[in-house]
Amino acid sequence: MYAIVDIAGQQFKVEAGNEIFVQRLSQAKGEAVEFEKVLLVDDAGKVKVGAPYVKGAVVKATVLDDDVKADKVLVFKKIRRKGFQKLNGHRQKLTKIQINEIA
């Protein structure tokens, strides 16, 4: 059984037991989270597609870590023949959650 869920503006394919990284959530470490924006549910070949969301479908998860940093993204700017170079780095903060069940 899997589901397609909208979490913080991004869509994820989740199954029970999965651990995923999502955009920063307000919940603290160890708290339970419920996501009601379920776009699709597949239960052993029975597919339910929402319009836009599946009614009554909820994905329950637990926050494992609320302060994880993603890989560094380097932004390099250069203007040729002018001697201008600039290097900028950024690390996005993420939340790690574990999917408990799809109900």
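Visitor: Where is L74 found in this model?
Guide: L74 sits in strand β8, which covers residues 73-79. Keep in mind that this is a predicted model.

Visitor: Why is L74 called exposed?
Guide: Exposed means over 50% relative accessible area. L74 has 56% relative accessibility, so L74 counts as exposed.

Visitor: What makes L74, F76 and L87 a nonpolar patch?
Guide: Nonpolar side chains such as Leu and Phe are joined into a patch within 5 Å, provided that each residue has over 30% relative accessible area and no salt bridge. L74, F76 and L87 form such a patch on the surface, and together they have about 350 Å² of accessible area.

Visitor: Why is A44 called exposed?
Guide: The cut-off is again over 50%. A44 has a relative accessible area of 78%, so A44 is exposed. You will find A44 in the loop between β5 (38-43) and β6.

Visitor: What is the phi of R81?
Guide: For R81, phi is near 65°, which is also positive in a residue other than glycine. R81 lies in the loop between β8 and β9 (84-90). With 70% relative accessibility, R81 counts as exposed.

Visitor: How do you know that the peptide bond from A51 to P52 is cis?
Guide: Look at omega: for the bond from A51 to P52, omega is near 0°, and the bond is cis. Most peptide bonds are trans. P52 is in the loop between β6 (46-49) and β7 (59-69).

Definitions and conventions:
Residues are numbered from 1 along each chain as its sequence is written. This is a predicted model: local features need pLDDT of at least 70, side-chain atom pairs count only at pLDDT 80 or more; totals for chains, interfaces and linings use all residues. Side-chain values use heavy atoms; hydrogens and water are left out. Patches are made of residues with over 30% relative accessible area and no salt bridge: like charges are joined within 9 Å, nonpolar side chains (Val, Leu, Ile, Met, Phe, Trp, Tyr) within 5 Å. Accessible areas come from the Shrake-Rupley method with a 1.4 Å probe; for residues, only the protein chains shown count as cover. A salt bridge is a side-chain nitrogen of Lys or Arg within 4 Å of a carboxyl oxygen of Asp or Glu. Helices (H or I, at least four residues) and strands (E, at least two) are DSSP runs, numbered from the N terminus. Buried means under 20% relative accessible area, exposed over 50%, partly exposed in between (1.4 Å probe, protein chains only).
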